[in-house]
Amino acid sequence: MRTLITNIGELTTNAPVPEHVAAGDDLCGTLHDAAVLIDGDRIAWVGPAADAPDAEETIDAEGRAVIPGFVDSHSHLVFGGDRAAEFEARMQGQKYAAGGIRSTVAATRAATDDELRIRLRGFLDEMLAQGTTTVEIKSGYGLDVATEERLVRLAAEVTPEVTFLGAHVVPAEYADRGDDYVALVTGEMLDACAPHAKWIDVFCETGAFTVPQSRRVLEAGIARGLQPRVHASQLGPGEGVQLAVELGAASIDHGTYLTDDDVTALAGSETVLTLLPGVEFSTRQPYPDARRLIDAGVTVAIACDTNPGSSFTSSMPFCIAVAVRDMRMTVAEAIHAATAGGAAALRRTDIGRIAPGLRADVVLLKSPSRVHLAYRPGVPLVDAVWKDGVRAV
């Protein structure tokens, strides 16, 4: 069935604007008084509402804004337990550290597949209701062969963007034996998890894995056909960014503490810097300066990093508002980073934009402009969502 969304007051396409439209330097490829035709799971036509073709179903946007579905390129949605007490302690002054992950590991190992599956689908429903149509999901809360395999297998039931993150932290049973744990990750655990995963990731950070250990993990994954991405520079400066660029990682995530050399390396590469505003909000760490990155030519994405420890939000609109207020991004830059930027971080060319031939992932807002996503933080502004051409909200 063909569905026409017409009378769109402001359409964010993230696509090049036709030459006959005076758009200037519009990052979002904005069209006004526009329409979008959905045919099956694809966008079939985009243009002025006055020129719209006929369709079996017509949706009147009533002058409101339409944007591409959000692409959340960093999440940890398969886990058990809760760390509200840890959050409360941080709000009272306790410093965030990577070691808190181990408490989630214990709860996740104890949970059944069905318990994890139900919770996972609940998080996905939350995200979809807030406009997220594509999500990447990492493992990392099992840290043994059997549980890591469960996590990537469950994630693969709901998304093709599955990341094996066995190298999240060193589990308690391998305390002071990090190299032995890396051997497990790059051997038996990788063998079990690679069939369910597309990506390989590592937490290259003080308190997690050293640069040599991280290299071993990433190179083992690459040898098995997985594509690399890296957690780094969250807790302090380090060599993780340089390693990620060297190995052609799709993204380096966090980037809270970046040196000038890191920024230069990123700007000269195809590696995306994925900013995670919810983490700084939840941990009270300093916010990265996105203005510095964008002005240097770095490709930037925004993701929620939904996880029970450092960023327990599933709301991309919230992360956009924080990025605009505290990371010095314009609204257009933040929307672009949460859509086209996320697609770049996943090396996808079929999502993150609204253009003929691409997947029909479309969000109708309750507001006349995308600016309201930052202007009205905390307000539910998503009115309707089409995922793969099917209305899901």
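# Close-up views of a predicted model

**View 1. Helices α5 and α6 pack with their axes within 10 Å of each other.** In this predicted model, helix α5 (residues 178–193) and helix α6 (residues 211–223) have axes that come within 10 Å and cross at roughly 5 degrees. Because angles under 35 degrees count as roughly parallel, α5 is described as roughly parallel to α6. On the α5 side, the residues that meet α6 are G178, D179, V182, A183, V185, T186 and L190, while Q213, R216, V217, A220 and G221 are their counterparts in α6. Sorted by class, the contact of α5 with α6 comprises six nonpolar, four polar and two charged residues.

View 2. A polar atom of the T283 side chain lies 2.7 Å from the backbone oxygen of V279.

**View 3. S367 is a buried residue in the loop between β16 and α13.** The loop that holds S367 runs between β16 (362–365) and α13 (372–375), and the relative accessible area of this serine is 2%. The side chain of S367 reaches the backbone oxygen of S369 at 3.0 Å. Apart from residues up to four places away in sequence, which are not counted, S367 touches R64, A65 and H372.

**View 4. N7 and D176 each have a positive phi without being glycine.** For N7, phi is near 60 degrees, and this residue is found in strand β1 (residues 2–12), where a relative accessibility of 34% places N7 in the partly exposed class. For D176, phi is about 65 degrees; D176 is found in the loop between β9 (162–167) and α5, and its relative accessible area of 83% makes D176 exposed, because that class begins over 50%.

**View 5. C28 is a buried cysteine that is in no disulfide.** A search of the whole structure finds zero disulfides. For C28, the nearest cysteine sulfur is that of C319, at 17 Å; since a disulfide calls for a pair of cysteine sulfur atoms within 2.5 Å, C28 is in no disulfide. The relative accessible area of C28 is 0%, so this residue is buried, and C204 likewise counts as buried, at 6% relative accessibility.

Notes: Residues are numbered from 1 along each chain as its sequence is written. This is a predicted model: local features need pLDDT of at least 70, side-chain atom pairs count only at pLDDT 80 or more; totals for chains, interfaces and linings use all residues. Side-chain values use heavy atoms; hydrogens and water are left out. A polar contact is a pair of N or O atoms within 3.5 Å; within protein, one must be able to donate a hydrogen and the other to accept it, and residues adjacent in sequence count only if both atoms are side-chain atoms. Axes are lines fitted to C-alpha atoms, for helices over the stretch in contact, and angles run from 0 to 180 degrees between N-to-C directions. Helices (H or I, at least four residues) and strands (E, at least two) are DSSP runs, numbered from the N terminus. Angles under 35 degrees count as roughly parallel, over 145 as roughly antiparallel, 65 to 115 as roughly perpendicular and the rest as oblique. Contact means heavy atoms within 4.5 Å. Ala, Val, Leu, Ile, Met, Phe, Trp, Tyr, Cys and Pro count as nonpolar, Asp, Glu, Lys and Arg as charged, and the others, Gly among them, as polar. Buried means under 20% relative accessible area, exposed over 50%, partly exposed in between (1.4 Å probe, protein chains only).
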